[in-house]
Amino acid sequence: MATAYFMQLVTSITDAKTDQDHIRMLIYSAPDIPDRTEYILGLSDRSPLPGIVSAGQALVSMGADVIAIPCITAHCFHSEIESRIPVKILNAIRDSASLLSESGVRSVGLMATEGTVRTGLFQRELEQKGISLLLPDEEDQRAVTSLIYNDVKRGGVPDMDSFFHIKEGLLGKGAEVVLLGCTELSVIKRDFDVGPAILDVMEVLAYSSIAACGKHARNNPVIF
């Protein structure tokens, strides 16, 4: 679902007047890659890294010279992927931190998988930009996990009351912006009005992909 949406997102925001103005995209969807969060949390010994690298190498063999990974938790393996694939691997977390810094944001909240939270991926990138990160409490993190795994991944209707409770909790702690740091949460934003003070990390990745391919977007990523 997230891979298809990413392709749709890139196409919709590219400043294109003709078919030829769009970037060339090769899509490699590999749903059999083991769950990233389960591996990170030690709930599975099946590493997703070999499958991710294999997918990237297949894309390179087909002519890709820039790779975007529309799975935020997979960014945990970014350095290992980058060392094994001889093309540029975009980093949505790093690019989001840069955008927030350029926008003058100094405090953000994060909605993401427990795996992403546990690795400290966002914490490190934001800290380098002088931005503080606020996380949901344990109960709200469980609710984020439920939104991702029990609602969106299963094709169900997300519990929007829960979504807004988590979001408002982070804003109440002092976050200026809440990051949607999981592609399933990006799908929620696609289908529902999530309100202001939101930055969709997958949207940032889409803009970065367009720029990396030498094309232009219709506008810049928006922090609502």
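Buried means under 20% relative accessible area, and that cut-off comes in handy for the close-ups below. They all come from a predicted model.

View 1. Ser-96 is part of helix H5.

**View 2. Glu-125 and Arg-94 join up between two helices.** Here the side chains of Glu-125 and Arg-94 meet in a salt bridge, with 3.3 Å from N to O. Glu-125 sits in helix H7 (residues 121-128) and Arg-94 in helix H5 (residues 92-102), so this pair ties together parts that are 31 residues apart in sequence.

**View 3. Glu-203 and Lys-189 make a buried pair.** Glu-203 forms a salt bridge with Lys-189, and their closest N and O atoms are 3.2 Å apart. Glu-203 belongs to helix H11 (residues 201-212) and Lys-189 to helix H10 (residues 183-191), so the bridge ties together parts that are 14 residues apart in sequence. Take a look at how hidden they are: both Glu-203 and Lys-189 are buried.

View 4. The side chains of Asp-15 and Lys-17 meet in a salt bridge, at 3.0 Å from N to O. Asp-15 is partly exposed, with a relative accessible area of 36%. Lys-17 reaches 68% relative accessibility, so it counts as exposed. How many salt bridges turn up in a search of the whole structure? The search finds six, and the Asp-15 and Lys-17 pair is one of them.

**View 5. A look into the largest pocket.** The largest pocket holds about 1,200 Å³ of space. It is lined by 48 residues, and those closest to its centre are Thr-3, Tyr-28, Ala-68, Ile-69 and Pro-70. Which elements give two or more residues to the lining? They are helix H1 (2-13), helix H2 (36-40), helix H3 (49-61), strand S1 (66-67), helix H8 (138-152) and H10. Sorted by class, the lining has 33 nonpolar, nine polar and six charged residues.

Definitions and conventions. Residues numbered from 1 in each chain as written. Predicted model: local features only at pLDDT ≥ 70, side-chain atom pairs only at ≥ 80, totals over all residues. Heavy atoms only, no water. Salt bridge = Lys/Arg side-chain N within 4 Å of Asp/Glu carboxyl O. Buried < 20%, exposed > 50% of the residue type's maximum accessible area, 1.4 Å probe, protein only. Helix = DSSP H or I, 4+ residues; strand = E, 2+ residues; numbered from the N terminus. 1 Å grid on protein atoms, 1.4 Å probe; cavity = no way out; pocket = protein on both sides within 12 Å on 5 of 7 lines; lining within 4 Å. Points joined across faces, edges and corners; volume = space filled by probe spheres on them. Nonpolar A, V, L, I, M, F, W, Y, C, P; charged D, E, K, R; others polar.
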